[in-house]
Amino acid sequence: MGKKRKRFSLLLTSLMAFSLALTACGGGSNNAATGTGTNTGSSGNGAASEKPVELIWYTIGGPQKDLDKVMEEVNKYTKEKINVTVKMNMIDFGDYTQKMQVKVASGEPMDILFTSSWAFDYVQNARKGAFMELDSLLNEYGKGVVDTIDPAFLEGSKVDGHNYAVPANKELPAQEVWRFNKELLDKYKLDISGVKTMESLEPLLKTIKENEPGITPYAMVKDFMPILPFDYIIEKMPMAVYMDTKDYKIVNILESPELKSSLETVRKYYKAGYISPEVATTTSVDDLYKSSNWFMDRAATQPMADNLWSASYGYPVVSTPAGEPYIYNWSVMGSMQAISANSEYPEKAMEFLNLLNTDPVLRNMIDSGIEGVHYEKTGENTMKNLPESKNYDMPTFSLGNIMINYLNEGDPENKWEEFKKFNESGVNAPLLGFNFDTSKVTNEIAAVQNVKEEFWAPLMTGTVDPEEYLPKAIEKFKAAGLDAIIAEAQTQIDAWKAENNK
Amino acid sequence: MKKTSGFIKNIINNKVMLLMVLPGALWFLFFSYLPMMGAVIAFKEYRFSRDGFWASIIDSKWVGMDNFKFLFTTNDAYIITRNTLLYNGAFIVLGLILSVLMAIVLSEIVNKKLAKVYQTGMFLPYFLSWVVVGYFAFSFLSSERGMLNQVMEFMGMESVQWYSEKKYWPFILIFVYLWKAVGYNSVVYLAAIMGIDKSLYEAAMIDGASKFQQIRNITLPLLNPIITIMTLLAIGKIFYADFGLFYQVPRNSGTLYSVTNVIDTYVYQGLKTTGEIGMSTAAGLYQSVVGFVLVMTSNYIVRKYNKDSALF
């Protein structure tokens with residue numbers, strides 16, 4: 001026994017000694033690395049003839065085959081212009097939030113990163129300290145951005161009075177439309193001019209259900225929510241203020257008569273078979289779009305969206321408004337590029353973002369690839385994709401100002417004017433500019449989130465009877481602490497209201 | 001002086017053994033002991049610092065036990081703990097019985113070639129990811145195009161909305177889990193059976209023992225130590241639910257939550273939007289501490305009755 005114990009203690013001591021040596025080593029090399037990093041940083045700022053600065057950029061989208069090839073060209077251009085090269089890393093849509101949470105939390109070196117209201121949440125991460133505050137950088141190195149993009153973007157994306165990211169100049173308001181498969185509309189000579197509310201869809205859905213057994217009349221997914229006259233504190237959480245609110249009082253939308261009557265309509269449609277019985281677990285209806293086995297659905301629009309949809313599905317799609325264009329927090333923050341808090345070259349990063357949002361050559365290179373390889377120009381501001389473009393197909397909206405992009409074949413000449421018109425038509429939602437700070441109610445949010453996951457999809461899609469489940473949901477939300485969250489949000493809104501003279 | 005020379009002598013005497021233990025020790029050091037320091041995040045409100053990960057940990061504010069609260073404050077706390085414990089309990093008991101049964105049956109098959117085929121067939125599901133298994137289950141249970149509903153309609157029965165009827169799900173989940181895990185676990189027992197001295201069976205046969213008596217009096221007693229060890233290890237993980245099983249297979253259907261929500265899915269749902277690392281670390285720490293206590297207790301009990309079967 002004694003011998004055994006001795007051996008064990010020997011093992012422990014050698015382990016400990018080893019680990020100490022290791023941590024010492026690790027620490028040493030770490031320091032060395034950061035040391036040299038800052039050195040090159042300061043010298044890089046000194047003179048343009050110095051070695052160019054390499055910016056590390058993380059952005060959203062499926063990694064592209066020709067990314068490195070294009071970046072080589074981009075780097076030639078940016079090196080000459082601002083003495084910067086970029087290393088772009090792409091992370092696919094589904095993985096972006098989670099992977100970036102880990103990368104940012106563990107302090108991985110990066111300079112520029114994509115953020116938004118729907119992927120790697122902008123407001124929360126700004127508050128947690130993930131991004132660098134850009135107020136002075138924008139003034140000093142980002143003049144072009146400030147002058148070019150719609151001022152509503154910079155104003156609307158302020159968190160606690162400061163800018164933490166450069167928004168992409170694109171469509172500003174969000175508007176929902178009913179979309180229809182035009183072939184079916186024509187076949188049954190259906191008229192969509194009278195359609196506006198959910199209720200007004202009934203005769204159309206009925207015709208399709210009776211005559212086309214293989215078609216899903218309403219292609220709905222589990223995220224569905226009826227259009228209600230509310231501006232939400234947190235998206236898809238049952239607390240909101242009325243769109244026409246004067247006193248900014250938060251209501252629990254589950255208790256509102258508007259929600260109740262909408263849910264009854266959805267339930268009626270569900271029971272009539274207009275909606276797939278599996279809607280509460282359906283996350284995508286792409287198969288229906290591909291096979292054109294759908295009649296209608298609802299989607300967020302932008303100018304000329306019908307053309308886009310028709311082109312991507314390969315058959316005509318038409319739409320008619322389902323709501324008004326409102327400018328929400330989340331629509332303003334739909335696509336932004338932030339500078340990481342641990343960036344070693346924030347000034348250079350800002351210069352790069354400035355160039356990206358104002359220089360058509362750089363912007364189109366990053367968006368469409370190399371001229372003559374991935375696309376060719378057909379006029380001053382127009383281009384045509386070449387077959388190679390399938391190896392470099394980027395999500396345009398995520399990278400910056402879309403209004404300096406060359407027009408595609410088939411795009412109307414006034415496309416960007418239409419965008420500007422659409423942006424002007426938007427009405428500010430009441431909570432535009434208010435961002436709820438959840439740090440005091442994180443426990444309640446976690447609990448409420450679970451209740452939401454349990455009830456939301458079945459209720460909103462009509463899978464369960466609202467008569468029975470709505471009271472149950474209200475009770476469970478309350479038990480999880482919804483009222484505490486509402487009270488905290490109300491305090492913050494009142495303070496914000498007083499500050500901004502609303 | 002004497003002590004140092006003893007230490008060095010000890011190393012020289014045991015250098016082969018120590019060298020053999022080194023890779024494993026290093027692995028544990030890097031992947032188990034070093035990351036354990038991160039447990040401190042459970043007591044902090046984690047905020048990013050521009051000077052990297054360690055600075056973030058040090059600069060973040062201490063919040064005591066606040067991060068643990070969300071696990072216990074709601075009514076759901078009872079449901080998720082109950083679900084986690086009961087499902088894992090069922091998995092341990094049923095998994096053990098079925099695996100041992102399968103191992104014995106496989107070892108008794110005379111045609112060894114066929115036995116290999118069966119074994120591989122049972123082994124295969126273990127390598128499928130839960131996402132794939134989830135779609136397998138969906139192809140059976142889909143209400144519109146699922147095989148099960150089509151068969152039931154063909155036989156004149158009412159079709160069932162499987163993804164919104166919670167009463168079936170405890171059975172479905174246990175069945176799917178066993179289908180996936182039993183093949184793998186039975187291999188462990190099969191290996192132990194193969195190691196049993198054949199002369200024991202020969203002697204028993206000469207004495208006129210039936211197959212059943214042989215199994216009862218030779219195979220099972222000799223399997224006892226490995227059964228105990230496997231079970232003790234499983235008990236250590238009783239607070240960890242298999243996330244893939246409980247998230248992918250029921251397709252995250254809200255109406256099923258009262259029978260499918262377990263600690264791991266609850267933590268995921270609650271924190272996926274806020275991304276509070278402190279709270280998720282707290283949940284993980286809570287699970288490991290409870291698992292640790294359970295292993296120690298059950299090991300203590302095992303040691304009381306049978307010293308040789310205990311883990312340590």
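Of the 502 residues of chain A, 53% count as buried, a word used here for under 20% relative accessible area with a 1.4 Å probe and protein chains only, with exposed for over 50% and partly exposed in between. This is a predicted model, in which local features need pLDDT of at least 70 and side-chain atom pairs count only at pLDDT 80 or more, while totals for chains, interfaces and linings use all residues. Residues are numbered from 1 along each chain as its sequence is written, chains are lettered from A and ligands numbered from 1 in the order in which they are written, and side-chain values use heavy atoms, with hydrogens and water left out.

Chain A has 19 helices and 18 strands, taken as DSSP runs numbered from the N terminus (helices H or I, at least four residues; strands E, at least two). Among its contacts (heavy atoms within 4.5 Å) between residues at least 6 apart in sequence, 76% join residues at least 24 apart. The C-alpha atoms of chain A fill a box of roughly 75 × 75 × 55 Å along the principal axes.

Within this chain, Q64(A) sits in the loop between strand 1 (53–60) and helix 2 (67–82). Q64(A) is buried, because its relative accessible area is 17%. A polar atom of its side chain lies 2.9 Å from the backbone oxygen of G62(A), and, leaving aside residues up to four places away in sequence, Q64(A) touches M90(A), K390(A), N391(A), Y392(A), D393(A) and M394(A).

In chain B, V289(B) is found in helix 14, and V289(B) is partly exposed, because its relative accessible area is 45%.

Notes. A polar contact is a pair of N or O atoms within 3.5 Å; within protein, one must be able to donate a hydrogen and the other to accept it, and residues adjacent in sequence count only if both atoms are side-chain atoms.
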